[in-house]
Structure formats: C-alpha cells, structure tokens
Amino acid sequence: MAPLPQWLGRRLYPDAVSDLFPSLADLHRLKPAQQPRYDDPAELARVVAELRRRPPLVFAGECDDLRSKIAEVAQGRAFILQGGDCAETFASVTAANIRGKLRVLLSMAVVLTYAAQVPVVKLGRIAGQYAKPRSNDSETREGVTLPAYRGDAVNALAFDPESRRPDPQRLVEVYNHSAATLNLVRAFVKGGLADLRTVHSWNSDFVRNSQVEERYEKVSAEIARALSFMVACGIDDNSFRTVDYYASHEALLLEYEHALTRIDSRTQTPYDTSAHMIWIGDRTRQLDGAHIEFLRHLRNPIGIKVGPTTTPDDAVALIERLDPDHEPGRITVISRMGAAKVRDLLPPIVEAVEATGRKVAWVCDPMHGNTYSTELGYKTRAFDEVVSELQGFFDVHQELGTWPGGVHMELTGDDVTECVGGADEVAEQDLAHRYETACDPRLNRNQSLELAFLVAERLADDAIRREANPVQSFSPKDF
Ligand code: PEP
Ligand code: CO
C-alpha cells in the first residue's frame, strides 16, 4: 500500500475526472467540528508527515472482507456485534485488558450464534478509539478554565494546563498503541484464544454466583458437546480455532485519519488504514462538513451515528453522499435515539431509507441516548434503559419487516461499576466502587453477557426474519 502521494487534491479515480481527494488543507477550509486547537502548526505538520511514512495498521483486503460481511447483515443474514471502550487510554493497553475485552465480545458472539443461530460479525471499538467529541470546548473547575479532555489522542485527563494542552505527538502514540493492540488481538484470535473448544475458559474468572454465569456455562457445555460430536464424526475444521475480528473507531481527528490514508496498490483507491470500519459521530455528520467530505472518498465500510436530531431527509442525504453507488455493505446506520424516543424517531428514518431501495445495516447503539448524571456526579446509564432502547429497536424493525442488524455497545471485560442495574443490581451508591472509564460509563462483563442473552432471545423469536431470511451457509469463523 502506498502512502497518499504528494499530488493530493488531484483526481484519484481514473474514470472520475472531477472527483478530487481532499487534502488536509481542503478539509480545514470546511471548518471541521470537534478538532483540537494545536498551538504549533509546524509540529503538527511534522507529526502528520511522520505518520504518512508508517506502515498501514490494517489492509485494504480486510476492509473489503468486512464490507462483504456487512452486506450479508444488510440482507438480513448476519448480525453485527460492535463493542468496546467509550475511550481507550494509553495506560489501558495491557495484555490483560485486551484479552478481557476480546473475551467478553467473543462470549457474547457465541451466545448470539448459538442461541439465535445467526452468524456474527465481530467489531471492536478498539485500536484507535482514542479521540472524543465534547459538548464544551473547555472545562471550568473552581474558577479555572482549561481545554476539555478530548481523549488520549489529544491531551491528558488531569486538570492542569500542561496535561490539557493539545499535543500533536500524541497522534504518534495513538498509532503506536493501536499497532501494539492490533498485534496482540491478531495473535489472540488466530493463535488459540478464540478456539471454540476453549469457550468454557473465556469466563473462567467470572464473578461467581451470578445468574448470567450459569446461563453461560450451560451454553458453553452445549457447544462443547456439539463440537465433540463433530470431532467424533471426523469433522475437525481448523476454522473452529480462529475468528475474524475487526477494528473500528470514530473517525474524528482529521490529521490522524488523513495521515493514515493509503492508496491500495490493487485498486488504486484510498482506504483509511487506521481501522477496518470507521464511523462518523453524531456531532460531526454535517452534510457539507469536512468529515463527510473526507469519508465519502474512502473505500472502507462506514458507520453513521444518527441521534434524535436526525430527520429522515438528513439520513437519506447523508447515505446518498457517502454511498452514491449503493455498494453492498458500505453503510451501517447506528441509531442512538434514547429509550424514550426510539419508537417514534426510528421508524420514519428506516422507512425513508428503505424507500430509496437501498439495503443498509441497521445497528442499535443503546448507550449514547441514555446517559445521565447521579446526584454524586457520576455519569451513568441504567441497564433497564439500555434494554428498553434495544427492545424498541427490535420492535420497530419487527413492525416494519426490516432486519435489526446489530448492536453497538460500550463495554469492558472488567467487573467495573459504571452502569447501574443488571443481574448484579449495581446501585447508584455502588458506582464509586470501581468507576474507571475515561469517558462514558461502560457495561461490565456480566451486564454485557446479560444483554447478549436478551438480544439472542429477541433474534430467536423474530418470526418475520425466519421466514424472510433463512440462515444461509456461513463460515464457522463467524460463530
Ligand atoms: C461514541 O460512540 O462514543 C459517541 C460519542 O457517540 P455519538 O457520536 O453517537 O454521540
Ligand atoms: Co461514548
């Protein structure tokens, strides 16, 4: 893969004379939202040049594979499970943390596949999710005002002027930490950790005595029996030992994303090689804005977050701008309406998009529309509200006869206490016990698995889908 050549801003597609790939300067002329204000442009330029020389983090062919899988989702034949931290931090790039996140996602995927008999596309919010959009540019504490924390990609969480100063060198650190994370993830998923025959051990350090643990043990025992049966029959497929796992994050910082864009040598087209899938956030999805202008030129599969302010016309226009060719698997719409609104706001959007004849993957983010602060000042989410938005999402699709294509969650492999409720009944006064997120509250491992069982029940129930879209053959890797 070649880096983007110097003639950026010239024609990229041989047959599309007028379609220019925008340079960073072009994008900045569009006044991108949610960008840090760096005080040394020369240093920023040096960092961008340095990143342009680095090898890609993912390969274009992998992005294409993911696009084909998402096309299956859009056709109602597979389900997306996307999850991970709200904000990764450099300090949390440890083997234990990465393994924990992987295990919880794999456990959820196994529950979904086994209980709902549906192939699952596994997408981590991982290896690049270091930048956060913020409602306010600055934060004031006891009369002192400093720039807001925008994620480890930009500045540090500590509240002092030096920590909060946007530092371009952090972009190189994002690259380094993402590379280290991806390296271990690839080793884990291909090197034995994801072997279906070890499904029991994925939760061996589970919090004991929870109802979720029992259910999980039951599913894994059934899977183990099924696999033994297959081995006894002489079927011992190597693909039971590995899975396909993809990396995704919000494409927020244009310097980083642009610097990691490369021309695929096979097709001479541009891919953002910082992740397999990138999504555009609810705060940066302006139709004529810089983020859309950047993303529309890329070949990666793209996610679009749609919140309560999105009109059906907005959704149709955004999708059209990003995918004029109606390419299967290109677009995933991730709705985050809030439990109270999803039933009213989602149907007109789904109907308007369906009316254009497109098939997109419809994914529910039941997290970002359901955040509130407790009296003690903890940002939290109630498990029941998360479930309620999910149920609303499934109801809407069931009524419209469309396929509820996936879930997008903020979760962790640890037993944190950041969201209230769930089988372990985390209460508001328990939040202080283990509140570790750098940004939004995440579901802990038990809450995540509990949700997977709920989703599995819903998918298994979904009579409309069973008739419309019988499960087709799929690779064991998509368990
Ligand atoms: C996020 O996914 O962390 C996020 C900020 O979401 P949204 O853009 O939907 O608010
Ligand atoms: Co978040």
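A residue counts as near a molecule if its C-beta atom, placed from the backbone, lies within 6 Å of it. Keep that in mind for the ligand.

First, the ground rules. This is a predicted model: local features need pLDDT of at least 70, side-chain atom pairs count only at pLDDT 80 or more, and totals for chains, interfaces and linings use all residues. Residues are numbered from 1 along each chain as its sequence is written, while chains are lettered from A and ligands numbered from 1 in the order in which they are written.

Now the ligand. Which residues are around ligand 1? They are Cys86, Pro133, Glu250, Gly281, Asp282, Arg283, Lys305, Gly307, Arg336 and His368. This shell has five charged residues (Asp, Glu, Lys and Arg). Two are nonpolar (Ala, Val, Leu, Ile, Met, Phe, Trp, Tyr, Cys and Pro), and three are polar, meaning the others, Gly among them.

Next, the whole protein. Its C-alpha trace spans about 60 × 60 × 45 Å along the principal axes. Of its 479 residues, 47% count as buried, that is, with 20 or more other C-beta atoms within 10 Å of their own, C-beta atoms being placed from the backbone.

On to the inside. The largest nonpolar core has 122 residues. Such a core is a set of buried Ala, Val, Leu, Ile, Met, Phe, Trp, Tyr and Cys residues joined through C-beta atoms within 7 Å. Helix α4, residues 95-116, gives the largest share, 11 residues. Helices here are DSSP runs (H or I, at least four residues), numbered from the N terminus.

Phe79 is among those with the most contacts inside this core. Contact means C-beta atoms, placed from the backbone, within 7 Å. Leaving aside neighbours within four places in sequence, Phe79 touches residues including Val73, Leu112 and Leu459.

Note on methods: Buried ≥ 20, exposed ≤ 12 C-beta atoms within 10 Å, placed from the backbone. Helix = DSSP H or I, 4+ residues; strand = E, 2+ residues; numbered from the N terminus. Contact = placed C-beta atoms within 7 Å.
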